[in-house]
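Hello,

Here is the structure for your files. My notes follow below it.

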Amino acid sequence: HHSIMDLFSQIENPEREEILVLRKELKQANYQYYVLNTPIMSDYDFDQKLRRLQDLEALYPDMFDASSPTQVVGSDLVKAKNEWRDAKGKGFEQVEHKYPMLSLSNTYSQEEVKDWMHKLPEGVEIVCELKFDGLSISLWYENGILTKALTRGDGVKGDNVIKNILTIPSIPKTITKQTFTELRGEILLTWAAFERLNKERAEQEEPLFANPRNAASGTLKLQDSQEVARRRLDCYLYYILGEDLPAQTHYERLQIAKQWGVPISDAVKVCHTLEEVMEYITYWDIERKNLPVATDGIVLKVNDLSVQEELGYTAKSPRWAIAYKFPAEKQLTRLNTITYQVGRTGVVTPVANLEPVQLSGTKVQRATLHNED
């Protein structure tokens, strides 16, 4: 009798209830983002809810759950859509990561970046990099040859999308290093390729992609490599793992990878002080709007690999790295007219014609209106 009463008192606690509700919401949001490529909430809202869940879980340690979104990375393993299966109805081969593929902890305030830096050992160098808005990939080179390309998956195993990765011209098929090497990076679509793809989709009356990240992610999971090649994916790599690697700092390793012909961003910079880090953030928040690809923040990493090792990892992210996300852009513009577009099957779509406005590096002047509101 008492244990049942205890159970009821637990359930009736609104904060305990909130933990269950948040877990469910965040799992659904992860599924929409990683698998269906149709996000249902903004990154900011997701991160705020995740943080609230972390705080509540700390208050109620008895409600620990190893499958909570605070403990595991969002999974992109494909079980669903038909276009992601081959003629035999099979999806991609799933392969276990040699090194777990974690996510980064996100922050939206420069104060938190300062706090993170103050906790680090004195005098460490920080490598600042742009956070490209695409999807993670892990490339395996064995005996210098690109043999596998795994998506993040659930962090432990990922989908091997090697056939599609081989269609990306900027990724080298071979490197000079012969022992096992893993390169990690971001698969993305340039603004130009994204706009071309959406224009084609509009003509075919197919649903448009909301942004280049969703388009890149949807493309990478297609079974038809010819269609993937046509869509012109691109890539930046930012992390090297493997056996007997050269150099003792992250930055030097990136420079060595550059010599192998690996696409590394020129925006990578070593900073020595908090002021330098803040200058980097301020500079790129403006300058990124002129880049040909979408970015959504800055990644800061401890440069010295031995210090990285000392700092270690939490359940889902390294302690030696943090992501600072730029505030989402909002712009005010005038709605000039609404016109009606008739597609080839006679479907009528209202289109808003706007006073042109710059938003996240692209000029917005038209938007399809999907409902009367």
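Which residue lies over the face of Phe180? Lys98 does, at 4.7 Å from the ring centre. A charge counts as over a ring if NZ of Lys or CZ of Arg is within 6 Å of the ring centre and within 35 degrees of the ring normal. Arg213 also has its charged end over a ring, that of Tyr33, 3.7 Å from the centre.

Some ground rules. This is a predicted model, where local features need pLDDT of at least 70, side-chain atom pairs count only at pLDDT 80 or more, and totals for chains, interfaces and linings use all residues. Residues are numbered from 1 along each chain as its sequence is written, and side-chain values use heavy atoms, with hydrogens and water left out.

Now the aromatics. Rings of Phe, Tyr and Trp (its six-membered ring) pair if their centres lie within 6.5 Å; planes under 30 degrees apart are stacked, over 60 edge-to-face, the rest tilted. That rule gives 10 aromatic pairs. Phe132 and Tyr236 are stacked, because their centres are 4.4 Å apart and their planes at 20 degrees. This pair links distant parts of the chain: Phe132 is in strand S3 (residues 126-132) and Tyr236 in strand S8 (residues 234-242), 104 residues apart. Strands are DSSP runs of E, at least two residues, numbered from the N terminus. Phe132 is buried at 7% relative accessibility, while Tyr236 is partly exposed at 26%. Buried means under 20% relative accessible area, exposed over 50%, partly exposed in between (1.4 Å probe, protein chains only).

Tyr283 and Trp284 pair edge-to-face, at 5.1 Å centre to centre and 90 degrees between planes. Tyr239, Tyr313 and Trp320 form one aromatic cluster.

Best wishes

Key: Helix = DSSP H or I, 4+ residues; strand = E, 2+ residues; numbered from the N terminus.
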